[in-house]
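Hi,

Here is the structure I said I would pass on.

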Amino acid sequence: MIYLKTDEEVEFLREANLLVGKTLAELAKILKPGVTTRELDVLAETFIRDHGAEPTFKGFPNPYGPPFPGSICTSVNDQVVHGIPNDRPLQDGDIISIDCGTKLHGYCGDSCYTFAVGEVSEEVNALLRTTKEALYKGIEQAVVGRRIGDISYAVQTHCEANGYGVVREFVGHGIGKEMHEAPQVPNFGRRGNGVMLKDGLCIAIEPMITLGSKEIYMQPDRWGIVTRDHKIAAHYEHTICVRKGKADILSSFEEIEEIITC
């Protein structure tokens with residue numbers, strides 16, 4: 001069942017999503033070589049709870065194994081998604097995708113940003129840049145009267161035109177009182193196919209793009225997803241509300257990018 005959101009519900013979703021952006025910005029302040037992903041996780045959980053919300057990822061059920069133990073997903077280098085925070089210090093030249101979810105006043109926020117740790121190569125920067133561009137190209141299609149496939153096609157064609165792999169097994173999703181609602185939002189597809197986009201539909205669009213092959217596998221912890229060729233992967237995500245003419249982006253990268261560009 002697809003639930004369209006009222007204007008009041010959209011504002012609750014915006015509040016939860018803006019908190020995600022603020023949380024990611026707090027993590028950006030300490031992100032450098034030598035920091036562990038567990039340190040990032042502790043800071044994120046504290047910040048989220050201090051703002052009256054809950055980290056939705058903590059304890060999230062897993063049909064293949066134990067519940068997720070962290071408050072954020074920290075996917076480093078060849079990890080695509082769902083990396084579990086640990087005690088390995090980040091190294092200069094790493095990249096890390098930090099996916100964060102909150103629940104505030106009964107509504108969910110969900111957003112992800114891929115960070116460079118220290119200095120990275122132009123090849124890596126190009127992947128990050130293209131993946132973020134693809135996110136916004138998908139968002140441009142998220143307007144009343146279009147279809148899910150228009151979003152999917154925009155993401156896929158932009159990334160594949162630049163020689164990158166587009167992960168098939170993990171997709172974006174509807175969002176509201178639950179973090180994962182209908183419909184699914186793949187990062188590949190055909191224009192004009194799929195669910196019709198209507199005013200008030202709230203979805204998370206999240207390209208997961210690889211430097212090499214799109215093939216992936218699950219790590220033994222039953223959470224982390226890694227590229228089969230062990231080339232790096234990038235992941236950006238915004239939660240948006242479909243509107244006439246132009247999508248309303250409910251999450252924000254502004255505070256993150258103020259920190260990483262200063």
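In this predicted model, Arg168 places its charged end over the ring of Phe188, at 4.8 Å from the ring centre.

Searching the whole structure turns up seven aromatic pairs. One of them is Tyr113 with Phe253: the ring centres are 4.9 Å apart and the planes stand at 85 degrees, so this counts as edge-to-face. The two residues come from distant parts of the chain, 140 residues apart, with Tyr113 in strand β5 (residues 107–116) and Phe253 in the loop between β15 (248–249) and α5 (254–260). Are Tyr113 and Phe253 buried or exposed? Both are buried, and for Phe253 the relative accessibility is 3%.

Phe253 has another partner, Tyr136, again edge-to-face, with 6.5 Å from centre to centre and 90 degrees between the planes. This pair also bridges distant parts of the chain: Tyr136 belongs to helix α3 (residues 122–140) and is 117 residues away from Phe253. Tyr136 is partly exposed, at 32% relative accessible area, whereas Phe253 is buried. If you colour the rings in your viewer, pick out Tyr113, Phe115, Tyr136, Tyr236 and Phe253, which ring pairs link into a cluster.

Now the helices. Two packed helices are described by the angle between their axes and the distance between the axes. How do α3 and helix α4 (residues 148–161) cross? Their axes come within 8 Å and cross at roughly 155 degrees. An angle over 145 degrees counts as roughly antiparallel, so that is how α3 and α4 lie to each other. Their crossing is right-handed. On the α3 side the contact is made by Thr130, Glu133, Ala134, Lys137 and Gly138, and on the α4 side by Ile151, Ala154, Val155, His158 and Cys159.

Helix α1 (residues 7–30) and helix α2 (residues 37–50) also pack, at about 140 degrees with the axes 10 Å apart. With that angle, α1 and α2 are oblique to each other, and their crossing is right-handed. The residues of α1 that meet α2 are Leu19, Lys22, Thr23, Glu26, Leu27 and Ile30, and they face Leu40, Leu43, Ala44, Phe47 and Ile48 of α2.

Last, some backbone details. Most residues other than glycine have a negative phi, and most peptide bonds are trans. Where is there a cis peptide bond? It joins Ala182 and Pro183, with omega at about 5 degrees, and Pro183 lies in strand β8 (residues 181–185).

- Arg222 has phi near 70 degrees. It is in the loop between β11 (216–218) and β12 (225–227), partly exposed with a relative accessible area of 36%.
- His230 has phi of about 60 degrees. It is in the loop between β12 and β13 (233–235), and is partly exposed at 44%.

Cheers

Methods
Residues numbered from 1 in each chain as written. Predicted model: local features only at pLDDT ≥ 70, side-chain atom pairs only at ≥ 80, totals over all residues. Heavy atoms only, no water. Phe/Tyr/Trp six-rings, centres within 6.5 Å; stacked < 30°, edge-to-face > 60°. Helix = DSSP H or I, 4+ residues; strand = E, 2+ residues; numbered from the N terminus. Buried < 20%, exposed > 50% of the residue type's maximum accessible area, 1.4 Å probe, protein only. Lys NZ or Arg CZ within 6 Å of the ring centre and 35° of its normal. Axes fitted to C-alpha atoms, helices over the stretch in contact; angles between N-to-C directions. Parallel < 35°, antiparallel > 145°, perpendicular 65-115°, else oblique. Left-handed = near helix turned anticlockwise from the far one by under 90°. Contact = heavy atoms within 4.5 Å.
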